[in-house]
Amino acid sequence: MKKDKHTQEKSAWFTWKDLIWIAALILLVVGLRQFIFTPVEVHGASMDPNLQDSERLIGLKVGETKRFDVVSFHAPDADKEYIKRVIAFGGETVEYKSDKLYIDGKEYQEAYLDQYKKQLTEGELFTADFSFTVPKDRLFVLGDNRPVSKDSRVFGAIEKSSITSNAKFIFWPLNKFGTVN
């Protein structure tokens with residue numbers, strides 16, 4: 001029995017129309033990955049307990065960086081990526097006094113650290129007292145696990161241009177799926 005042309009086209013694995021849609025989808029994903037978002041992996045304990053070693057995040061490459069955002073950036077002292085929390089901007093003075101954060105003399109609450117401080121410190125200071133004036137066009141960053149974090153207290157303020165993404169969503173492990181605190 002002879003198949004008509006329409007039946008022969010339907011029996012093909014993919015039609016040209018299907019291939020065009022697949023190619024467009026691939027281009028869209030590659031474009032989004034290149035210009036809009038990037039995967040980020042947490043290495044080490046410097047962001048405990050909010051972000052833990054081997055967790056995977058989606059970071060946005062676009063948008064404004066705000067105080068307390070979690071960002072990934074090229075480490076100024078190593079050939080790797082760090083992930084830390086933005087605390088202060090160029091021209092601001094950041095201080096810790098008796099475990100309280102002050103920026104230009106105004107006290108700021110760090111709710112994302114409250115419970116962890118109580119568990120870890122057992123009455124001792126969570127963050128040693130210090131004062132730092134952030135140079136223009138730079139950012140002061142700290143890890144959430146202040147006693148072990150290598151951050152701006154060690155390597156100084158980072159250049160804004162070194163930021164590779166603003167971490168927004170946790171996608172692995174699945175039990176922590178959601179937004180970054």
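Visitor: In which sense do strand β2 and strand β11 pair, and over how many bridges?

Guide: Please note that this is a predicted model. For pairing, one looks for bridges between two strands, at least two being required. Here β2 (residues 56-60) and β11 (residues 163-172) pair in the antiparallel sense, over five bridges. Within that pair, Leu60 is found opposite Asn166 of β11.

Visitor: Which strand do four bridges join to β11?

Guide: That strand is β3 (residues 70-74), and β3 and β11 run antiparallel. Phe73 stands opposite Ile163 in β11. β11 is also joined to β12 (residues 178-179), by two bridges and again in the antiparallel sense. In that pairing Ile170 faces Gly178 of β12 as its opposite residue.

Visitor: Through how many residues does a hairpin join β11 to β12?

Guide: The hairpin passes through five residues. Pro173 lies in this loop between β11 and β12, and a cis peptide bond joins Trp172 and Pro173, with omega at about 5 degrees.

Visitor: Which value of phi does Ser98 have, and is Ser98 buried or exposed?

Guide: Ser98 has a positive phi of about 50 degrees, although it is not a glycine. The residue sits in the loop between β5 (93-97) and β6 (100-103). With a relative accessible area of 54%, Ser98 is exposed, the cut-off for that class being over 50%. Asp137 likewise has a positive phi, near 60 degrees. The loop between β8 (130-133) and β9 holds Asp137, which is partly exposed at a relative accessible area of 49%.

Visitor: Why is β4 described as largely enclosed by the rest of the structure?

Guide: A residue is called buried when its relative accessible area is under 20%. Seven of the nine residues of β4 are buried, and therefore the strand is largely enclosed by the rest of the structure. For the protein overall, buried residues make up 34% of the 181 residues.

Visitor: Which strands do bridges join to β4?

Guide: β3 is joined to β4 by five bridges, in the antiparallel sense; a hairpin of six residues connects β3 and β4. Ser72 has Ile83 of β4 as its bridge partner. Four bridges join β4 to β9 (residues 138-142), and these two strands also run antiparallel. There, Ala88 has Phe140 of β9 as its bridge partner.

Visitor: What volume does the largest pocket have, and which residues are the closest to its centre?

Guide: The volume of the largest pocket is about 310 Å³. Among its 19 lining residues, Glu41, His43, Glu81, Tyr82 and Ile83 are the closest to the centre. The elements that give two or more residues to the lining are β1 (37-41) and β4 (81-89). By class, the lining has eight nonpolar, six polar and five charged residues.

Visitor: How many helices and strands are there in the protein?

Guide: The protein has four helices and 12 strands. Its accessible surface comes to about 11,600 Å², and carbon and sulfur atoms account for 57% of that surface.

How values were computed. Residues numbered from 1 in each chain as written. Predicted model: local features only at pLDDT ≥ 70, side-chain atom pairs only at ≥ 80, totals over all residues. Heavy atoms only, no water. 1 Å grid on protein atoms, 1.4 Å probe; cavity = no way out; pocket = protein on both sides within 12 Å on 5 of 7 lines; lining within 4 Å. Points joined across faces, edges and corners; volume = space filled by probe spheres on them. Nonpolar A, V, L, I, M, F, W, Y, C, P; charged D, E, K, R; others polar. Buried < 20%, exposed > 50% of the residue type's maximum accessible area, 1.4 Å probe, protein only. Areas by Shrake-Rupley, 256 points an atom, 1.4 Å probe, with all protein chains shown as cover.
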